[in-house]
Amino acid sequence: KISLNNNSNNNLDNDTTTATKQQQDDLTSVGSKEYYQGFLTRSPDEEPIERVTGDAVLGPTLKFAGGVSLILVGLVLVFLVSNGLL
């Protein structure tokens, strides 16, 4: 029999699990006392940790607008053809 020892992988998994648990412990649950205190004690000028930039939003917004535009143009064409206007 050949036995493979994956201690390094197990340690990596344990570190990842520990980090995930610490992140979950750092989060404030919605509706808790700390959650509502943050509304009063946090400065309005304070930047969030994970900020969404315009570059990250622009692509999906343009794809959505383009898709809606194509659907509306298609519906108008169907209407015009069905009424003999094209």
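Analyst: Happy to. Keep in mind that this is a predicted model. Let's begin with the aromatic rings: the count comes to three aromatic pairs. One of them joins Y35 and Y36, and that pair is edge-to-face.

User: What makes Y35 and Y36 an edge-to-face pair?

Analyst: In general, two values describe a pair of aromatic rings: the distance of the centres and the angle of the planes. For Y35 and Y36 the centres are 5.1 Å apart and the planes make an angle of 80°. Rings pair if their centres lie within 6.5 Å, and planes over 60 degrees apart count as edge-to-face.

User: Why is Y35 called partly exposed? And what about Y36?

Analyst: Y35 has a relative accessible area of 30%, and Y36 has 49%. Buried means under 20% and exposed means over 50%, with partly exposed in between. Both values fall in between, so both residues are partly exposed.

User: How do you know that S32 is buried?

Analyst: Its relative accessibility is 15%. The cut-off for buried is under 20%, so S32 counts as buried. S32 sits in the loop between helix 1 (7-26) and helix 2 (33-41), and its side chain reaches the backbone oxygen of S29 at 2.8 Å. Across the protein chain, buried residues make up 1% of the 86 residues.

User: What is the overall pattern of the protein chain?

Analyst: Along the sequence it reads α-α-α, with three helices and zero strands.

User: How do you know that the span of helix 3 agrees with its number of residues?

Analyst: Helix 3 has 29 residues, and at 1.5 Å a residue they should span 42 Å. The expected span uses one less than the number of residues. The end C-alpha atoms are 41 Å apart, so the two agree. After helix 3 comes G84, with a positive phi near 70°.

User: Why is F64 called exposed?

Analyst: F64, which lies in helix 3 (residues 54-82), has a relative accessible area of 61%. Exposed means over 50%, so F64 is exposed.

User: And what makes F64 part of a nonpolar patch?

Analyst: A patch takes residues with over 30% relative accessible area and no salt bridge, and joins nonpolar side chains within 5 Å. At 61%, F64 passes the area cut-off, so that condition is met. The patch is formed by F64, V68, I71, L72 and L75, with about 520 Å² of accessible area together.

Methods
Residues numbered from 1 in each chain as written. Heavy atoms only, no water. Patch = residues over 30% accessible without salt bridge, like charges linked within 9 Å, V, L, I, M, F, W, Y side chains within 5 Å. Areas by Shrake-Rupley, 256 points an atom, 1.4 Å probe, with all protein chains shown as cover. Salt bridge = Lys/Arg side-chain N within 4 Å of Asp/Glu carboxyl O. Helix = DSSP H or I, 4+ residues; strand = E, 2+ residues; numbered from the N terminus. Buried < 20%, exposed > 50% of the residue type's maximum accessible area, 1.4 Å probe, protein only. Phe/Tyr/Trp six-rings, centres within 6.5 Å; stacked < 30°, edge-to-face > 60°. Polar contact = N/O pair within 3.5 Å; in protein donor to acceptor, adjacent residues only side chain to side chain.
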